[in-house]
Amino acid sequence: MPAVNSSNDTPQALPSSIDDTQARLAAHDYVADRRLATVVYLALKLERPLFLEGEPGTGKTEIARTLAAMLGRPLIRLQCYEGLDLAGAAYEWNYARQMLEIRLAGLGAETNGQSDGQGVGSAGRDALAARLFDERFLIKRALLEAIDPAREVPPVLLIDELDRADEPFEAFLLEVLSEWQITIPELGPVRAVRPPIVVLTSNRTREIHDAVKRRCLYHWVGFPDAAREAEILRRRVPGAGERLAGEVVAFVQRLRTLDLYKLPGVAETIEWARALRELDAIQLDPEIVQSTLGLLLKYQDDIARVNGDEVQRLLEHVRQQAAAV
Ligand SMILES: Nc1ncnc2c1ncn2[C@@H]1O[C@H](COP(=O)(O)OP(=O)(O)O)[C@@H](O)[C@H]1O
Ligand SMILES: [Mg+2]
């Protein structure tokens with residue numbers, strides 16, 4: 001996947017209020033609760049990075065995509081991983097092209113009779129060295145792309161799953177987030193004219209350093225309540241009947257109260273509802289739940305714990321819920 005998804009959309013104005021933020025996210029099928037809409041609104045208004053932490057599959061990455069679409073900005077994504085460094089995140093020099101340039105310069109000097117027998121002469125060497133560290137030989141990665149002063153509109157920069165990167169990377173990031181600047185020793189500082197809209201996410205497999213969090217507006221993204229999850233299904237899985245969708249939500253909500261190794265996120269609810277829709281289910285029954293449980297739970301221990309009696313109990317609860325409405 002390319003680091004930059006260029007968008008041809010014209011840039012849109014920032015939302016004018018919390019209500020407006022919520023409505024415009026919803027227009028792009030992102031169902032945000034009031035607290036999330038508030039922190040998004042403030043991050044945009046105050047030009048501060050947004051730090052979203054929470055369980056996997058709760059809509060953290062999606063919010064960056066939605067913001068890019070809603071504001072008509074390109075989305076620049078930096079997927080973090082163990083061992084991510086400056087070269088992977090910001091820039092690196094294109095050694096292969098630099099080597100080629102050196103070879104070509106050497107050949108040119110020989111044919112022009114300027115050679116001292118070892119390629120280019122010493123004046124030529126200085127000129128060549130200067131030429132080698134030109135922007136033409138620079139490979140820009142996500143962070144440098146995002147602060148490129150040539151950009152007319154600030155992009156949305158998604159720094160995804162920061163908890164996967166090593167701690168030293170955070171120190172480097174800190175500098176970028178506070179100065180909107182990256183210093184390239186051979187070229188000098190590169191600084192954004194206007195700060196990008198930054199969304200950082202973490203699945204909290206480890207704690208992120210306080211210093212990073214302090215520069216951001218922090219929000220914990222929890223599992224949605226039943227009403228919000230039903231609204232997400234309405235938008236993301238159209239065609240699943242009202243009854244099926246209601247039962248799916250009640251089932252998943254109850255499942256999340258169990259002591260499982262890995263609770264299902266919204267992503268799993270959506271996937272499950274889509275699968276049940278494909279199977280033309282109009283309601284849940286023990287047979288269909290048991291044969292599709294792998295879409296909700298991804299650990300054999302969790303599946304073994306739920307399969308059987310527990311499915312019966314969960315379905316009874318779903319029926320009671322339905323009867324109560
Ligand atoms: N509030 C929401 N509104 C609409 N869709 C959502 C919402 N939360 C999650 N989703 C859906 O769930 C899926 C997983 O979300 P994602 O952003 O990838 O999760 P995370 O980054 O938190 O692991 C996405 O396909 C997204 O469409
Ligand atoms: Mg994600």
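Author: Asp160 has a relative accessible area of 0% and is therefore buried (under 20% relative accessible area, with exposed over 50% and partly exposed in between, for a 1.4 Å probe and protein chains only). This is a predicted model, in which local features need pLDDT of at least 70, side-chain atom pairs count only at pLDDT 80 or more, and totals for chains, interfaces and linings use all residues. Residues are numbered from 1 along each chain as its sequence is written, and side-chain values use heavy atoms, without hydrogens and water.

Reader: With which residue does Asp160 form a salt bridge?

Author: The partner of Asp160 is Arg77, and the closest N and O atoms are 2.8 Å apart. A salt bridge here is a side-chain nitrogen of Lys or Arg within 4 Å of a carboxyl oxygen of Asp or Glu. Because Asp160 belongs to strand 6 (residues 156–160) and Arg77 to strand 3 (residues 75–79), the pair ties together parts 83 residues apart in sequence. Helices (H or I, at least four residues) and strands (E, at least two) are DSSP runs, numbered from the N terminus.

Reader: How many salt bridges does the structure hold?

Author: The structure holds 26 salt bridges. One of them joins the side chains of Glu101 and Arg131, at 3.1 Å from N to O. Glu101 lies in helix 5 and Arg131 in helix 6 (residues 122–132), so this pair ties together parts 30 residues apart in sequence.

Reader: Is Glu101 buried or exposed?

Author: Glu101 is buried, with a relative accessible area of 16%, whereas Arg131 counts as partly exposed at 37% relative accessibility.

Reader: Which residues are linked with Asp29 in a network of salt bridges?

Author: Asp29 is linked in that network with Glu231, Arg234, Arg235 and Glu242. Asp29 lies in the loop between helix 1 (18–27) and helix 2 (34–46), and its phi is near 65°, a positive value in a residue other than glycine. Most residues other than glycine have a negative phi.

Reader: Changing topic, what is the crossing angle of helix 11 and helix 12?

Author: The axes of helix 11 (residues 242–255) and helix 12 (residues 266–278) cross at roughly 140° and come within 10 Å. Axes are lines fitted to C-alpha atoms, for helices over the stretch in contact, and angles run from 0 to 180 degrees between N-to-C directions. Helix 11 and helix 12 are therefore oblique to each other (angles under 35 degrees count as roughly parallel, over 145 as roughly antiparallel, 65 to 115 as roughly perpendicular and the rest as oblique).

Conventions
Chains are lettered from A and ligands numbered from 1 in the order in which they are written.
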